[in-house]
Every structure is written in structure tokens, then in C-alpha cells.
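Colleague: I have the file open. Before I use your terms, I want to hear what stands behind each of them.

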Amino acid sequence: MAGIATSIWASIRSYLDWFYFPKISWTDILDIIIIAYLIYHILLWLKTSRAWTLLRGIGIIALFLGLAALLRLNTILWISKNLINVFLLAIIILFQPELRNALDELGRKNILRNIINNSAIKDPDKKLTDRTVFELVKTVTELSKTKTGALIVIEHDTPLGEYINTGILIDAEVTEQLLVNIFEKNTPLHDGAVIIRNNRVIAATCYLPLTSRTDVNKELGTRHRAGLGISEATDSMTIIVSEETGGISIAHGGVLYRDLREAAIREKLADIQDKKPDDKPVRAKRAKKGGHKA
């Protein structure tokens, strides 16, 4: 019996020798988690950007080259081999806007803000004050009544220096009188956007990038598309007053909130103040929140 048991155990050990069980340490597990996290976010970025369409085009080209290799189409393989460097450079150029947006999004992550000592983020004077909110709400409400078009960009954490340089520097206190005069029709400064930084009107007549999205409502004009464009490129908030309808919209985080009432505008501006609407005084009578996304 002992000999039979020994023989069976030897057979089992011989069978198990075919299997390899690697030793896994906590560093290996951490390595797998980090790689899985990066792959997931890369795929998510590809799926939600124009890069997904470009990547499918590249996949078709790769499939075509695979068939060429399988069928031994030597001329096509020779041409592709000699153009590989140009092809890699072309990929970088094609994906440049997506890569820039991805790096910009990475720089906005809270985990990096806590590691990097950014004085602009920690300085409370750079946040939107209650008085500035009050003046902005009064301004857009007055402009809405007269159907005067307006585009007001409020800088948050991402610097807007490249857009400020396209306009005329002002550097004045945010007041209803100043903003209404700027956007008055047929005045030198009414065309373009006003940019607010550190609770001051820094510049007017600034040019903003238009959104490249194709699903935007065709009724929306250049102001709304510019407001969406700057909200996609930065973390700023943009208030838009329609010249056709007098409707007030806010663009933030790539989303356009349309037909907002006074109370809803205050609540949206509270988002960029980094505090809840109930934590600040409300000077006007609260109304039922209105508006919808576009």
C-alpha cells in the first residue's frame, strides 16, 4: 500500500510540475493596479474624444498593412517601412489637441493640487467674492432685459493669459456700470469676451476658441459656441447673454446650462466659489431654479 501511495503522489507531483505558480508580492499587485488604472483612463479618454475616430482610422491602416504582409505585397511594405517615421510624427500632430486636453485634465486633478504647492489655488483673495457674484448677477439680469449680448469669462485655477493677451487690458473693479457700458451696442469694447481674474475685470474684446462639437444645438450662435469652447479648454466659467432672446446661459466643464433664472445663476457661480449656495448671503429673493443642459 505504501508503494502504491508513493507512486500516486509522484504522479501528482509530476503533473503539477507542468504548472507555474509565480510568487506575487505587494509591489506586483500595486504595479498591476496602476497599469490597469492607466489603461482604463486611456481607453475612457479615447472613447470620449475625437481620438477614438482617429484611432479607428489608424486601426484600418494597420489591418491593411497586416494583409499586405500576409500576401507579401513587397512594394507596399517597402513604402510603409520607409514612411514609418513620418507616420509617427503625423500621429502626434493629429492627436495634438487631444493630448493637450488630456494633460490639461491631468493637471486639474485634486491629487496633483495637493502635492504641488500652487499659491494661486491657496490664496483666498483669488476666489470669487460675494460682492463680485452680486455685481455679475445684476449685470446679466440688466443685459437680459434689454437683449444686449454679453460674454463674461471667470478665471478659476487654469490661467487664461493667452486669451487675455488677445484683448484690451482694463484691470478695473467688477461693477454693473462698467460691464453694462462695455457690452453696450456700437461701443468699441462690446465685441468679444470680458475676462475676470481675482475679482477684477482684466480685459475686454478677448477672442475665445469655438467648440469643435457637432452635437451643439444649431440655434446657438457664436457667443454660446465660444463659451462652450473655453469651458472645454479650461476650468473657467462663462456667462452668456443672448442678443436674440435675452436668455442667460452658463458654460462650465464643457456643459451649457441654458435659460437660467437669477437664483440658478447664483448657484452656478457658487460652484466656482468652492462653497455651497447656503453658505453665502443671497441679496435677491430666491426663485425656482430654471434651466436645462445643452
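Colleague: How many salt bridges does a search of the whole structure find?

Modeller: The search finds 6 salt bridges. Keep in mind that this is a predicted model.

Colleague: What makes Glu176 and Lys138 a salt bridge?

Modeller: The distance does. The closest N and O atoms of Glu176 and Lys138 are 3.4 Å apart. The cut-off is 4 Å between a side-chain nitrogen of Lys or Arg and a carboxyl oxygen of Asp or Glu, so the pair qualifies. Glu176 sits in helix α11 (residues 176-183) and Lys138 in helix α9 (residues 130-145), so the bridge ties together parts 38 residues apart in sequence.

Colleague: Why is Glu176 called buried?

Modeller: Its relative accessible area is 16%. Buried means under 20%, so Glu176 is buried.

Colleague: And how do you class Lys138: buried, partly exposed or exposed?

Modeller: Lys138 has 30% relative accessibility.

Colleague: Which residues of α11 are buried?

Modeller: They are Glu176, Leu179, Val180, Ile182 and Phe183. They cover an arc of only 160 degrees around the axis, which puts them on the same side of α11. Gln177 and Asn181, on the other side, are exposed.

Colleague: Why do residues three or four places apart in an α-helix point the same way?

Modeller: An α-helix has 3.6 residues a turn, so such residues point the same way.

Colleague: What covers the buried residues of α11?

Modeller: The cover includes α9, β1 (150-154), β2 (168-173), β3 (193-197) and β4 (200-206).

Colleague: Next pair. How do you know that Glu243 forms a salt bridge with Arg223?

Modeller: The closest N and O atoms of Glu243 and Arg223 are 3.2 Å apart. That is within 4 Å, so the pair is a salt bridge. Glu243 lies in the loop between β5 (237-241) and β6 (248-252), and Arg223 in helix α12 (residues 222-233), so parts 20 residues apart in sequence are tied together.

Colleague: Which class do Glu243 and Arg223 fall into, buried or partly exposed?

Modeller: Glu243 has 32% relative accessibility and counts as partly exposed. Arg223 has a relative accessible area of 25% and is partly exposed. Buried would need a value under 20%.

Colleague: What makes Arg266 and Glu262 a salt bridge?

Modeller: The closest N and O atoms of Arg266 and Glu262 are 3.5 Å apart. The limit is 4 Å, so the pair counts. Arg266 and Glu262 are 4 residues apart in helix α13 (residues 262-272), about one helical turn.

Colleague: Which residues form the nonpolar patch on the surface?

Modeller: Trp26, Leu30, Ile34, Tyr37, Leu38 and Ile42 form the patch. Together they have about 670 Å² of accessible area.

Colleague: Last, the totals. How many helices and strands are there?

Modeller: The protein has 13 helices and 8 strands. Buried residues make up 32% of the 294 residues. The accessible surface comes to about 19100 Å², with 61% belonging to carbon and sulfur atoms.

Key
Residues are numbered from 1 along each chain as its sequence is written. This is a predicted model: local features need pLDDT of at least 70, side-chain atom pairs count only at pLDDT 80 or more; totals for chains, interfaces and linings use all residues. Side-chain values use heavy atoms; hydrogens and water are left out. Helices (H or I, at least four residues) and strands (E, at least two) are DSSP runs, numbered from the N terminus. Buried means under 20% relative accessible area, exposed over 50%, partly exposed in between (1.4 Å probe, protein chains only). Accessible areas come from the Shrake-Rupley method with a 1.4 Å probe; for residues, only the protein chains shown count as cover. The arc is that of the directions from the helix axis to the C-beta atoms. Contact means heavy atoms within 4.5 Å. Patches are made of residues with over 30% relative accessible area and no salt bridge: like charges are joined within 9 Å, nonpolar side chains (Val, Leu, Ile, Met, Phe, Trp, Tyr) within 5 Å.
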